[in-house]
Amino acid sequence: MRELAKKYIYPLIGDTPLKSVTASHVAKILNEVFKHSPVLERKVKTLIKHTFREAIRMEKVKDLKSPFGPELEVLTSGRKPSVPKANMGALHHSQIPSFIKA
């Protein structure tokens, strides 16, 4: 997880105090990562979310509010994966025996 933070989070908001991080900051990170990998974007989002949750729980920053909410959902909505999924057709019943042997 530390490597994800070094590669994707710190370059964009590394010097920003946690209390100053907004939904726009998080959206910028997530949108950039999403271009490369929707799966990786979910991991980065989880890392940021857990960081805020833990800081709030431990009261590390006074009056800290999470940037995860309706605004972030709006800022990251409407994205599509860069690689479309390919549908594989079903095998014809005559192809099944050779498929099983392979």
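View 1. E54 is partly exposed, with a relative accessible area of 34% (buried means under 20%, exposed over 50%, partly exposed in between, with a 1.4 Å probe and protein chains only). R57, at 57%, is exposed. Their side chains meet in a salt bridge, 2.3 Å from N to O (a side-chain nitrogen of Lys or Arg within 4 Å of a carboxyl oxygen of Asp or Glu). Both residues lie in helix α3, three residues apart, about one turn of the helix (helices are DSSP runs of H or I with at least four residues, numbered from the N terminus). This is a predicted model, in which local features need pLDDT of at least 70 and side-chain atom pairs count only at pLDDT 80 or more, while totals for chains, interfaces and linings use all residues. Residues are numbered from 1 along each chain as its sequence is written, and side-chain values use heavy atoms, with hydrogens and water left out.

**View 2. The buried side of α3.** Helix α3 has 20 residues and reaches 28 Å from its first C-alpha to its last, close to the 28 Å expected at 1.5 Å a residue (the expected span is 1.5 Å times one less than the number of residues). Look here for the buried residues L40, E41, V44, L47, I48, F52 and A55. They sit on the same side of α3, because they cover an arc of only 125° around the axis (taken from the directions from the helix axis to the C-beta atoms). Their cover includes α1 and α2, counting contact as heavy atoms within 4.5 Å. Just after α3, E59 takes a positive phi of about 55°.

View 3. The buried residues of α2 are A23, V26, A27, I29, L30, V33 and F34. Their arc of only 165° around the axis puts them on the same side of α2. Among the elements covering them are α1 (2-13), α3 (38-57) and α4 (70-75). The face turned away from this buried side carries the exposed residues K28, K35 and H36. Of these, K35 forms a salt bridge with E32, with the closest N and O atoms 3.4 Å apart. K35 is exposed at 54% relative accessibility, whereas E32, at 38%, is partly exposed.

View 4. K6 and E3 are three residues apart in helix α1, so about one helical turn separates them. K6 is partly exposed at 47% relative accessibility, and E3 is exposed at 56%.

Conventions. Helix = DSSP H or I, 4+ residues; strand = E, 2+ residues; numbered from the N terminus.
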